[in-house]
Amino acid sequence: MSNDRQQRAARAEQMRKEREKAEKRQRNLITVAIVVVVVALVGAGGFAVKKASDDRATETKVITPKGTTKDYGLLYTPEDAGATAAATKGKTPVNVTLYEDYQCPICKQFESVYGAALDALVKSGDAQIEYRMLNFLDDNGGSPNGYSGRAASAALCVFESQGAVEYKKVHDALYAAQPEERTNGPEAPELIDTFKSAGVKTTPALEKCITQERYKPWVVKATDASRKADISGTPTVLVAGKKVESAQGGVP
């Protein structure tokens, strides 16, 4: 190889390394930016509810919804959000994990303040959301008729049968129609009507899944697992696997 070719190869290799460094710096900046925004939005408010009692008894079979993660989550990715190939090219989205309870009023407040910003980050290809649904309020009187777990189960029915795009519709619809804490939440027929109003196409199989509360035991198991992961309230936010402490205030 001539000196000229060697020099060109060396320059190309140097440029490749510089691009990799730049991409790594950009990813780190995005991660830091998400953390800063979350802290700024939720730091003062103490976005959390008390962790429920450990007392729980169920003998119902646990069925794992297809497509969920080993950590009891489900992913909403840039592709799900309609991100373009140009927007996602060369990017590895930062994982934002949200622990939520559908009857938690502070979760609804968090969603109303921060939901649009998160959606924009996903659509830009900078982030993906891993939703982890819990039923803390079923156990401490916040959800007297077990709505927290039933709503999560119903949303999982949609996710398994129709995917993350339709799940996101019901996620948003459940917060929009959230019952007050310590009141009875909607039963299956009303949940099905809410999903229809959100534009979800229901089927007899989906309606049966919702009515049977098929995934509620799995949600119970997910909630137990969250305790072992030191999650003490909802919403709790993790960015790139690290808990945003100011986003979870540990209300007594």
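In which loop does Glu-213 lie? Glu-213 is placed in the loop between α8 (204-211) and α9, where helices (H or I, at least four residues) and strands (E, at least two) are DSSP runs numbered from the N terminus. The model is predicted, so to speak of local features pLDDT of at least 70 is needed, side-chain atom pairs count only at pLDDT 80 or more, and totals for chains, interfaces and linings use all residues. Residues are numbered from 1 along each chain as its sequence is written, and side-chain values use heavy atoms, with hydrogens and water left out.

Most residues other than glycine have a negative phi, and most peptide bonds are trans. Glu-213, however, has a positive phi near 50°. Because its relative accessibility is 28%, Glu-213 counts as partly exposed; buried means under 20% relative accessible area, exposed over 50%, and partly exposed in between (1.4 Å probe, protein chains only).

The loop between α9 and β4 holds Asp-230, whose phi is also positive, near 65°. Asp-230 counts as exposed because its relative accessibility is 55%. Pro-235 is found in the loop between α9 (216-228) and β4, and the peptide bond from Thr-234 to Pro-235 is cis, with omega near -10°.

Strand β4 (residues 236-239) points Thr-236 and Leu-238 one way and Val-237 and Val-239 the other, all of them buried. Strands pair if DSSP finds at least two bridges between them. Four bridges join β4 to the antiparallel strand β2 (residues 94-100), with Val-96 opposite Val-239. Two bridges link β4 to strand β5 (residues 242-243), again antiparallel, and here Leu-238 stands opposite Lys-243. In the hairpin of β4 and β5, two residues lie between the strands, and Ala-240 takes a positive phi near 55°.
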